[in-house]
Amino acid sequence: MIGLFDTHTHLDSTKFDDDRTETIERARAAGVELMVNIGFNRETIPTTIALAEQYDFIYAAVGWHPVDSIEMKPEDLDWIERLCSHEKVVAIGEIGLDYHWDTSPKEVQHHVFREQIRLARKVNKPIIIHNRDAHEDVVKILQEEQASEVGGVMHCFSGSWETAKKCLDMGFYISFGGPVTFKNARVPKEVLERVPIDRLLIETDSPYLSPHPFRGKRNESAYVSYVADAAAEITGKSKEEIAIITMENGKKCFGIV
Ligand code: NI
C-alpha cells in the first residue's frame, strides 16, 4: 500500500457527523498515511485540535479564513498564537483572500491576512493560502509581508503559471486538488506539469471540490488517491513516485519528522 498525504482536509465538517470514523477508516484503507486538518474560525479550530489529539496521523492547521475576516477579534489572533505551540499544530491557515464570496470587505481581508502572516513569521510556522479570484493581491501581500521567510502552501491552486512562478520564488509549495482531475481543467494541468517536482503537494479540501468521477458529491480524504492518479498522468511518473515525492514534500513543508 502506498502512503498518501492529504495536506488539506476538513474532517471535522458537520458533513461528516454521521460517518466521521468510517470516513477516516476509508482514507486509511485507501493508503492515506497523513492528513492536515484545517481549522479556520471559532467553530472549526477547536474541532480540528480535537481530531489531531485523537488520531496520531492527523495534524492541525489553525487560522482565520478570509470569508470570516470581519468576525476576527484581537483575542482570536492571540488564541491562534497560543495554539501554535500545540505539538500537533503544523501551520497557520487557511488564510488569504476571497473575492468570490463578498462577506468581508477587501480592506478587512487584507488586514487580517497581513496580521496572520506577521504572526507566522513571529512563531515561525508555514502558512496555508486560500486564494479565490484574488491572485494579484495575494501575491502582492505575500511579497510585502515577506512571507518567503516562512513559506507554506498555495492550497488548491487555480491560478496561472505566472502566479505559480511568483509563489515558487517565495518558497511556496503548490498544492492541487480535485479540479485537476477534470477533463476540461487545461490550465491547472499545465501548471502542475511545470511545477518543480520537489514543490508539488496533493490534497482533497474535503468535503468540498470532489475529483472526477465524484464531482458535485461530498468529497473525502480517501479520494486524494484520484488526485495522485491525475498528477501521475500529467507528469508521466508512476503513482507510487507521486506518493513518495508528495509525502516527502509535505513532511518537509510542515516540519513533520
Ligand atoms: Ni479548505
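Because the model is a prediction, local features are reported only where pLDDT is at least 70, side-chain atom pairs count only at pLDDT 80 or more, and totals for chains, interfaces and linings use all residues. Residues are numbered from 1 along each chain as its sequence is written, and side-chain values use heavy atoms, with hydrogens and water left out.

Most peptide bonds are trans, and most residues other than glycine have a negative phi. Against this background, a cis peptide bond joins glycine 93 to glutamate 94, with an omega of about 10 degrees, and glutamate 94 belongs to strand 4, which spans residues 89-98. Helices (H or I, at least four residues) and strands (E, at least two) are here DSSP runs, numbered from the N terminus. A cis peptide bond also links serine 206 with proline 207, where omega is about 10 degrees; proline 207 is located in the loop between strand 8 (200-202) and helix 8 (224-235).

Positive phi values occur at asparagine 124, where phi is about 55 degrees although the residue is not a glycine, and at leucine 209, likewise not a glycine, where phi is about 55 degrees.
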